[in-house]
Amino acid sequence: MRSKLFVPASRPELFAKALAGEADAVSFDLEDAVAMSSKAVARAHLETFLRAHPKQHFTKQIIVRVNPVQGGLFNDDLEAVVWSGLHVINLPKIEDADQVLAAVSVLERWERIRGLECPIRILATIESPRGLRHAASIALADPRVIGLQIGYGDLFAPLGIASAEPAATQAVRMTIRLAAGEAGIDALDGAFVAVDDSAGFRREAQAARQLGFTGKSCIHPSQVGIANDVFSPSHDEIASAREVVAASDRAAAMGLGAFLVDGKMFDGPLIQRARRVVEASRRVGAPR
């Protein structure tokens, strides 16, 4: 998911437009983008939509950001959205592994009720100092967890940390990336709220990619193309990776585990990285 576009579930008139756009994933939001007085209506809009569209209808990832597990709205949210058209549940404000397991228990119950055979996956958002401290255990809590995401606003504002402060964002990103790496899952960067600052969005996305993040949340369609560009491998990266993969295949045929390409030594981890770049290039349709 290079780009994940948030869409308020209270705005059904935006659903089709978002799905027709360039985002790799659409995240329908039942949490922060929906006022408390509109939660029930938004939930009903989303249930109607998901019941009418099975999973095979979609060409992109369908995500729903529900309300927090520890609140009183979570079960009602899952009752409304656990249908075959849903790929991923985004759990906000996750602070420890127990909350993930509690969410899995409720999710499993609704999957049984609905007769779903394919498990719905989980994207966990880290938005508090406690959550950041427990990031690795959250990532490892259950096989359904496929990614960690950062919620900068809720994490920074209560602490008086300036939004987009580079020292803070990079420190948090590194913690999240290592936690996700321990679990072998993706790390997704949080939203950039200045929608009219495309250069700032690009800088933030590039900083995240430098730390191995695979994508970024978008709160406006204008951010989607930038995210797709930044988190796609460049032509030079693809060409280099293909050269490494080809050299690796030749070396393996000769019983060699390490080899040189353009004067640089490549072995296991670097070969795996090259193969991931080649696979990513195929997913985004890069020419061979």
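**Entry 1: helix 8 and its strands**

I looked up helix 8 (residues 166-183) in this predicted model. Helix 8 lies across strand 5, strand 6 and strand 7 (186-189). I read its direction against strand 6 as about 175 degrees. Such angles run from 0 to 180 degrees between N-to-C directions, with axes as lines fitted to C-alpha atoms, for helices over the stretch in contact. Contact means heavy atoms within 4.5 Å. Helices (H or I, at least four residues) and strands (E, at least two) are DSSP runs, numbered from the N terminus.

I noted the ground rules too: residues are numbered from 1 along each chain as its sequence is written, and side-chain values use heavy atoms, leaving out hydrogens and water. Local features need pLDDT of at least 70 and side-chain atom pairs count only at pLDDT 80 or more, while totals for chains, interfaces and linings use all residues.

**Entry 2: the barrel**

I then traced the strands. Eight of them form a closed barrel in the order 1-2-3-4-5-6-7-8, with parallel pairing. From one strand to the next, the twist averages 25 degrees. Two strands pair if DSSP finds at least two bridges between them. How many bridges join strand 5 (residues 121-126) to strand 6 (residues 145-150)? I found five, and these two strands run parallel. For Thr125, the bridge partner in strand 6 is Gln149.

**Entry 3: Lys216**

I picked Lys216, in strand 8 (residues 215-218). Is Lys216 buried or exposed? Lys216 is buried, with a relative accessible area of 2%. Buried means under 20% relative accessible area, exposed over 50%, partly exposed in between (1.4 Å probe, protein chains only).

What does its side chain meet? I found a polar contact with the side chain of Asp189 (2.7 Å). A polar contact is a pair of N or O atoms within 3.5 Å; within protein, one must be able to donate a hydrogen and the other to accept it, and residues adjacent in sequence count only if both atoms are side-chain atoms. The backbone oxygen of Gly190 lies 2.6 Å from a polar atom of the Lys216 side chain.

**Entry 4: helix 3**

I checked helix 3 (residues 74-81) for buried residues and listed Phe74, Asp77, Leu78, Ala80 and Val81. They sit on the same side of helix 3, because they cover an arc of only 160 degrees around the axis. That arc is taken from the directions from the helix axis to the C-beta atoms. Their cover includes helix 2 (39-52), strand 3 (61-65), strand 4 (88-91) and helix 4 (97-114).

**Entry 5: the whole chain**

I ended with totals. The protein chain has 12 helices and 10 strands. Of its 288 residues, 47% count as buried.
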